[in-house]
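Student: Can you walk me through a structure? I'd like to go over its sheet and its ligand.

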Amino acid sequence: MATTASVYRNGNYSRNSLGTNNNKVERPPSVNSNPKNSLKSKSLRKSAPAALGAAKDDTGVPGRVRVAVRLRPRNAEERVADADFPDCVELQPEVKRLKLRKNNWDSDTYEFDELLTEFASQKRVYEVVAKPVVESVLDGYNGTVMAYGQTGTGKTYTLGQLGEEDTAARGIMVRAMEDILADVSLETNSVSMSYLQLYMETIQDLLNPTNDNISIVEDPKSGDVSLPGATLVEIRNQQSFVDLLRLGEAHRFAANTKLNAESSRSHAILMVHVKRSVRGRDSVLSSENGDNSPMVKSLKPPIVRKGKLVIVDLAGSERIDKSGSEGHTLEEAKSINLSLSALGKCINALAENSAHVPVRDSKLTRLLRDSFGGTARTSLVITIGPSPRHRGETASTIMFGQRAMKVENMLKLKEEFDYKSLSRRLDQQLDKFIAEHERQQKAFEDEIKRVTMEAQNQISESERNYADALEKDKTNYQKEYMESIKKLEDKWMMNQQKHAGGENIPGLKEESSNAISNGKGSRVANMEELAEMKKKLQKETLLRKAAEGEVNILKSQLAGLKKSEALAKSDVSKLQKMLEDEACQKEKLEGEIATLQSQLLQISFEADETARRIDKGGSEEVLGGLDSLMLQVRQPQINDSGNGEKAPIAKLFEQVGLQKILSLLEAEDADVRIHAVKVVANLAAEETNQEKIVEAGGLKSLLLLLRSSEDETIYRVAAGAIANLAMNETNQELIMAQGGIHLLSMTAGNAKDPQTFRMIAGAIANLCGNDKLQMKLRSEGGIKALLGMVRCRHPDVLAQVARGIANFAKCESRASTQGNKTGRSLLIEDGVLPWIVQNANNEASPIRRHIELALCHLAQHEVNAKDMISGGALRELVRVSRDCSREDTRTLAHRTLTSSPTFQAEMRRLRIDH
Ligand code: ADP
Ligand code: MG
């Protein structure tokens, strides 16, 4: 078997045998050495650089099965039924990643060779998935293209669509043949096909339906697989090929109707053989490279090079109900499943480098044996649908694809680098914000100082000017005044002298003679003088008025200055206002910084989480039925037992401090609150943190959030966090003591999102498992709240409800056994029994499993027996004791039935064998 394994292991074979990482074997140099061939191929070889299976790809992983994922667009039904739900996957083709949602804030990430979104065209799908395979078939290798996925996700659309109405819709089979026919000349070369169906380990000929049991022949020397019994039709042109495909499809339909089978349960296999002549030089190189073709060995040009293209539209990957509900016997169901599960086993064995690859276990794997041979090129397209309702099937399909890729753990480095650089970027941005804000604040303070100084300078200068001007005017007036007084005094003196000896004064001689001549002469002169004095006085008054005017002008100037002072003051207050605005802005920035910080927290948490998951090994299986809540809590435990690396949460605490994180729960900004509660929820998933969170008042804050918030995201995440905290017994008591049941049922009343219900039900289910809290839980309406949530019919919610009921029943049963409880089960009192009976055979295994356990616990006490019989629970219990897939549950049910006299009597009455 070791030889089979090494042949099967494709590129690794050569690596192992040579002990080096020589990947040249992947594509022998002979491939393009035929000048004619390479010329011709040129026009054809324009595949996308990242094409699947291309030897020149940059992944450095030679010869592994290349895997692409294709997402089907929502169909009409899903657009209606899933309108309120996001797709269960998110494709990131740029980074070749697929995110599978675990819940509303958490998802798993997988890497694939190529991701084809719902918008990917058929042409692009062909080029990425199949074209490189077709090219290598033309070069004389075996090539295989397979589609794997749940029924209805687009396998046949991807591979078999004929596209006669819409050329753009042509699938891989049609496009492959177009490329083949364009590359070979039919005069010297030949192209032929067989078309087969594999159903229940029987191979039928779709080109000749009477041929319905074809056997597989393996050449023991070369290991070549062939089907000598199958019709082989020579292809002359594209149209004849399309006609054959259509004919095959019609025969497939007819055959399946006759067998009463669905086509989704069978595999359709198209085989295209390309034979072409090549020149001698090639053949020498080919034989060096281990080409097994018998023609090559002759070394005689011209030789024929044979390539075989196998395109397989696999049966639907969904699990077949073994109960026979589709009209199959168990044997049939096994046989229907056989080929697909054998394929899965072979892929697993190859992925794990196992020494034994069980190729001989089924017809499909025998047929595909040389598809995995040393020189074969194989592409797998994984088809998935977007509906969250099929998340389980989609997850297992994705895991199949992951195994098929034989994941190399390259993811780890990239992830770490991405997160680190992102966190670095956020840090830098944060520092930039802080520095910028500091600079702005300083600039504003300086500006205010400058403006205030300027205004003060202006004011004091104006005051100085005013005082100077006033002083100058005053001296002027005083001077003028003194001068006029002096003038008057002089005149007065002159008059005095005139009166004393006028003759001496020539000017007055005439006057005095006049006075003498005229008796009233001196009086007249006095009168004139008076008039002159009056005139001077008037002039004086005018001057005074002018001075007053000037004073007024100065006063108005002063008023003007005062006004400008007031203006300066208002400028100052404006600047103050700006400063206040700035402070506001600062606060906002601080809020943003807090948001960024909390995002950073979450990202680094996720990064650690991812890193941890990667550390645990890339081959982690999706625990389909396992509740992700439990998963979140258990993972750290698994990890704790591992190496002594510092727990990521401890790092978080160190970096930020729990108190600070918790304080963000009360942040004003709703975004910050949401981020904070998410971080707390993630922290609460780690058992080691639960105590710290509760000690720091986190539980109180979370309960407060349930009471005060109106935001569904907060409800959901806070309830999730509480559910995680409720894993621990001490916390359970605290939650109950702080009115947790009331708050959780109130939140359930406001919730709309099934995920919120799931979290709430999960929290209550955890509380149900506490022996001490049974009575209180019930009296506060815990059971009724749990039962009320079944109105949201989401299976995840129902699973949590069932878990809660099972937990409760188990505690009750324990209490009864210890003599602490008498009387009927509180579950029966609260009317849970009808729901239990209704769902005891629920098709979702997590729901069924919990209910089966609940039934067994309830049945262990005679007081419940009567109610159980009248409620129809006995029938279910009998079923569990016979058919339950878990042996321990089956035994428990059986023992319970045997030990109850009431049940025994009823079974005798109903003649039920036991
Ligand atoms: P499968 O073969 O996996 O059971 P089908 O190929 O029959 O699925 O696809 C189911 C339905 O979905 C068909 O009606 C098909 O036309 C449609 N479909 C599948 N994939 C696509 C796609 N990529 N774009 C549009 N319609 C699609
Ligand atoms: Mg199909």
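Predicted model: local features only at pLDDT ≥ 70, side-chain atom pairs only at ≥ 80, totals over all residues.

Student: Which residues are around ligand 1?

Tutor: The residues around ligand 1 are Arg70, Arg72, Pro73, Gln150, Thr151, Gly152, Thr153, Gly154, Lys155, Thr156 and Tyr157. By class, that shell has 2 nonpolar, 6 polar and 3 charged residues.

Student: Which helix gives the largest share of the shell?

Tutor: Helix α6 (residues 155–160), with 3 residues.

Student: And what lies 2.7 Å from an oxygen atom of ligand 1?

Tutor: A backbone N or O atom of Tyr157. Gly154 has a polar backbone atom 3.0 Å from a ligand oxygen, and for a backbone N or O atom of Thr153 the distance to an oxygen of ligand 1 is 3.3 Å.

Student: How much of ligand 1 does the protein bury?

Tutor: 64% of the 550 Å² that ligand 1 exposes when taken alone.

Student: Now the sheet. What's the strand order?

Tutor: β2-β3-β4, in an open sheet of 3 strands with antiparallel pairing. β2 (89–92) and β4 (106–111) are at the edges; each has a single partner strand, so one side of each has no neighbour in the sheet. From one strand to the next, the twist averages 25°.

Student: How many bridges pair β2 with β3?

Tutor: 4, in the antiparallel sense, with β3 covering residues 97–103. Glu90 is opposite Lys99 of β3.

Student: Which helix lies across β2, β3 and β4?

Tutor: Helix α13 (residues 391–404), which runs at about 145° to β3.

Note on methods
Residues numbered from 1 in each chain as written. Chains lettered and ligands numbered in written order. Heavy atoms only, no water. Pairing = 2+ DSSP bridges. Helix = DSSP H or I, 4+ residues; strand = E, 2+ residues; numbered from the N terminus. Axes fitted to C-alpha atoms, helices over the stretch in contact; angles between N-to-C directions. Contact = heavy atoms within 4.5 Å. Near = heavy atom within 4 Å. Polar contact = N/O pair within 3.5 Å; in protein donor to acceptor, adjacent residues only side chain to side chain. Areas by Shrake-Rupley, 256 points an atom, 1.4 Å probe, with all protein chains shown as cover. Nonpolar A, V, L, I, M, F, W, Y, C, P; charged D, E, K, R; others polar.
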